[in-house]
Each structure stands twice: as C-alpha cells, then as structure tokens.
Amino acid sequence: MPSTRTTALRLTLTLAVTATLGVAAAPAAQATPSPTTCRGQAVDPTALIRYSSDVVIDAPLATIWKLQTDVERWPTWQPPVLTADRLDHGPLRKGSRFHWTTPAPATPSTPATTLGITSTVRQLQNHHCILWTGPAIGEGLRIDEGIHLWTFKKARNGIHVHTEETWTGNQVESDIPTATKALAGGLETWLRDLKTAAEKG
C-alpha cells in the first residue's frame, strides 16, 4: 500500500478495525442479497472494500447483546482487541464514542503496527442492531473510514447474527484484495469469538 495518505472500524472497523489486519487465511468476500440497515443506516454502498458474514449463536439474545455493547470488556473475550475504553458514560447509545486498539502484522507494503480506532455509534436499536464508524490509524497504516453494522434476530436454533463492514481510504484502496482479506479475517474472528463467549455463558 504505497500511498502515504492515512486511511482507517472498523471496524472494526472491526476487529479493531476490524479486527486484526493480519489473519492469514480468510474466505472470499460475500455479497448480501439486499441492503441491511440499522434504523435506515447502512455500510457505504460505494466502498471498494467490503465483507459480510453470519453466524447462529445458541445463547440468549441478552447475553450476546451485552457482550457486544459492553465495549470496555471486549479484551476479556476477544484476543485481537488489546484495549478498549469508552469516551463517555452510560449505556451504549447513538452518539457514544469509544477508542480501541488491535495489532496489525506486517505485510509486504506495510510495517507491523498497532491500530488505534476511535468509533462513534451512528445508530442503535436495543437488542436489534448497532452501527458505528471511525478511522483506524497506526504507524504506516491508515483506514480513513470503517463503517461496521451488526444485526441480531431470533432464529429457530438460536440468535442469527449478521455483520458487515466497509473500508474507504487511498491507502487501503491501493491494494483491494489484501485489504478485503484482512477485513474478512477480522470479521470471521470476531464472530467466532462472540459465539464462543456467548455460548459459554
């Protein structure tokens, strides 16, 4: 990623941004059949870097929701999240902000670094969906904006969790396959960790 412009959820982006830019193997990006939203807001429809995935978790919705929204406890069940701090108080809600960090291993074009992500909750519907956005910035690596969406729905055999995220920024867009693979790996890791933590109770 040769551009020197900084780019960053989410992601994030995402895990932290999503989550771990260095997962070695990741599935190919998946298409969502129809737009998924949280109170009418969605990921960036024009973003070149995107990924979505789903899992069914055999645990109460309240348990899953608490794990996902108790941001400061993320490091206790998500190994890729090094730190996580709320920047305001009270229950997570629209407008809430939080800062979290995650390692990003070296690639042929970027050094190993730690990404710092400052996320802002753009929409939230209790026990149904949450969408946050924010940049992810590390030494030699930047994502200008990650947009990360989560939805939670009751299913016959548990809770169906859907997640999708987009990244934008000159640096990550200079190598779309590598960035997409990193995003996919982070989201799959997050889903796996969420399922494991929730099903343990």
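# Questions about a predicted model

Modeller: Cys38 and Cys129 form a disulfide, with their sulfur atoms 2.1 Å apart. This is a predicted model.

Colleague: What makes Cys38 and Cys129 a disulfide?

Modeller: The cut-off is 2.5 Å between cysteine sulfur atoms. The sulfur atoms of Cys38 and Cys129 are 2.1 Å apart. That is within the cut-off, so the pair counts.

Colleague: How many disulfides does the structure hold?

Modeller: It holds one. The link of Cys38 and Cys129 is right-handed, with 70 degrees about the S-S bond. Cys38 sits in the loop between strand 1 (10-13) and strand 2 (49-57), and Cys129 sits in strand 6. They are 91 residues apart, so the pair links distant parts of the chain.

Colleague: Are Cys38 and Cys129 buried or exposed?

Modeller: Both are buried. Cys38 also belongs to a core of six residues, with Val43, Ile147 and Leu149 among the others.

Colleague: Why is Arg39 called exposed?

Modeller: Exposed means over 50% relative accessible area. Arg39 has 53%, so it counts as exposed. Arg39 lies in the loop between strand 1 and strand 2.

Colleague: What is the phi of Arg39?

Modeller: It is near 50 degrees, a positive value in a residue other than glycine. Most residues other than glycine have a negative phi.

Colleague: Which residue in the hairpin of strand 5 and strand 6 takes a positive phi?

Modeller: His127 does, with phi near 60 degrees. The hairpin has three residues between the strands.

Colleague: How many bridges join strand 4 to strand 5?

Modeller: Eight bridges join strand 4 (residues 97-104) to strand 5 (residues 113-125). These strands also run antiparallel. Phe98 has Ser119 in strand 5 as its bridge partner.

Colleague: Where is Asp44, and which residues does it contact?

Modeller: Asp44 is in the loop between strand 1 and strand 2. Leaving aside neighbours within four places in sequence, Asp44 contacts Arg50, Ile147, Thr166 and Thr168.

Colleague: Which residues have the most contacts inside the largest nonpolar core?

Modeller: Trp74 and Val161 do, in a core of 43 residues. Helix 4 (residues 176-200) gives the largest share of this core, 10 residues. Beyond its neighbours within four places in sequence, Val161 has contacts that include Ile57, Ile64, Trp150, Phe152, Leu191 and Leu194. Nonpolar side chains tend to be buried together in soluble globular proteins.

Colleague: How many helices and strands does the chain have?

Modeller: Its secondary structure comes to four helices and eight strands. The pattern along the sequence is β-β-α-α-β-β-β-β-β-β-α-α. Buried residues make up 52% of the 201 residues.

Terms used. Residues are numbered from 1 along each chain as its sequence is written. This is a predicted model: local features need pLDDT of at least 70, side-chain atom pairs count only at pLDDT 80 or more; totals for chains, interfaces and linings use all residues. Side-chain values use heavy atoms; hydrogens and water are left out. A nonpolar core is a set of buried Ala, Val, Leu, Ile, Met, Phe, Trp, Tyr and Cys residues joined through side-chain atoms within 4.5 Å. Buried means under 20% relative accessible area, exposed over 50%, partly exposed in between (1.4 Å probe, protein chains only). Helices (H or I, at least four residues) and strands (E, at least two) are DSSP runs, numbered from the N terminus. Contact means heavy atoms within 4.5 Å. Two strands pair if DSSP finds at least two bridges between them.
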